[in-house]
Amino acid sequence: MTVLFHFPLLGEPLSLDLVNTCVRRDGVDLDLLDTPQGLATWLRAESARLAWSGAVSAADLAAVRALRAAVAALMTARRDGGQPPPAALRQLNAALSASTAATGLTWTAEGPQLGAPTMTAATRRVSLLHTLAVDAVAVLTGPSGPLLRECAHPDCVLQFIATNPRRLWCSAASCGNRARVARHYLRQRIDQ
Ligand SMILES: [Zn+2]
């Protein structure tokens, strides 16, 4: 539960979960991936969809944060119907075009076999960025694209895919409830 509290909206497409590691609480923008440990915790929380083993380095963190900034800019352009900054597009395409070497052919005495190549720290990072970038492209170009939405609460920047078109909040239990409480207090003040 600690993880769920820490990362408020897991379970959207991976690339959106990544963007949603930048949150706003009480008017303050917070980056939940502010340390390698923070990224390691997020990778563990996403372990059903992201293969990662071993420690997270400062270089891993910097690369993931750079891709996240690019994906966030692209998602914003998709929501607003505008053009994204060219640098964001370049960054995403760089992650897409990198060779990932997720599997490889090995040849033993028994013959050819599919096997995992030895992953260096660099290829592991490239592979992670590639997976996240592929997911971002799927969101941007697929049926989810027009459903991309930001939470309606002014003190929240989380994004989600509104498969239910009436969905306004990242979470009815948190932002939806906060808005209801605020409306209630406003009504009481007007009635007095
Ligand atoms: Zn929200």
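## Helix packing and a hairpin in a predicted model

Helix α4 (residues 58-80) packs against helix α5 (residues 86-97) at an angle of about 125°, and their axes lie 8 Å apart. Axes are lines fitted to C-alpha atoms, for helices over the stretch in contact, and angles run from 0 to 180 degrees between N-to-C directions. α4 and α5 are therefore oblique to each other. Angles under 35 degrees count as roughly parallel, over 145 as roughly antiparallel, 65 to 115 as roughly perpendicular and the rest as oblique. The contact is made by Ala66, Leu67, Ala70, Val71, Ala73 and Leu74 of α4, and by Ala88, Gln91, Leu92 and Ala95 of α5. Two residues are in contact if their C-beta atoms, placed from the backbone, lie within 7 Å.

The model is predicted: local features need pLDDT of at least 70, side-chain atom pairs count only at pLDDT 80 or more, and totals for chains, interfaces and linings use all residues. Residues are numbered from 1 along each chain as its sequence is written.

The axes of α4 and helix α6 (residues 121-141) come within 11 Å and cross at roughly 5°. That makes α4 roughly parallel to α6. On the α4 side, the contact is made by Asp60, Ala63, Leu67, Val71, Leu74 and Arg78. On the α6 side stand Arg125, Leu129, Leu132, Ala133, Ala136 and Leu140. The table sets out the two contacts by residue class.

| α4 with α5 | nine residues | one residue | no residues |

**A residue in α2**

Ser15 lies in helix α2 (residues 14-19). Ser15 is buried, with 26 other C-beta atoms within 10 Å. A residue is buried if 20 or more other C-beta atoms lie within 10 Å of its own, exposed if 12 or fewer, and partly exposed in between; C-beta atoms are placed from the backbone. Leaving aside neighbours within four places in sequence, Ser15 is in contact with Val71, Leu132, Asp135, Ala136 and Val139. Pro165 is 150 residues from Ser15 along the chain, and their C-alpha atoms are separated by 21 Å.

**The hairpin**

Strands β1 (residues 22-25) and β2 (residues 28-31) run antiparallel and are joined by four bridges. Two strands pair if DSSP finds at least two bridges between them. Val23 has Leu30 as its bridge partner in β2. Cys22 stands opposite Asp31 in β2. β1 and β2 form a hairpin with two residues between them. Asp26, in the turn, has a positive phi of about 55°.

**The whole chain**

The protein chain holds seven helices and six strands. Helices (H or I, at least four residues) and strands (E, at least two) are DSSP runs, numbered from the N terminus. The order is α-α-β-β-α-α-α-β-β-α-β-β-α from the N terminus on. The C-alpha trace spans about 85 × 35 × 30 Å along its principal axes. Of the 192 residues in the protein chain, 23% are buried.

Technical notes: Ala, Val, Leu, Ile, Met, Phe, Trp, Tyr, Cys and Pro count as nonpolar, Asp, Glu, Lys and Arg as charged, and the others, Gly among them, as polar.
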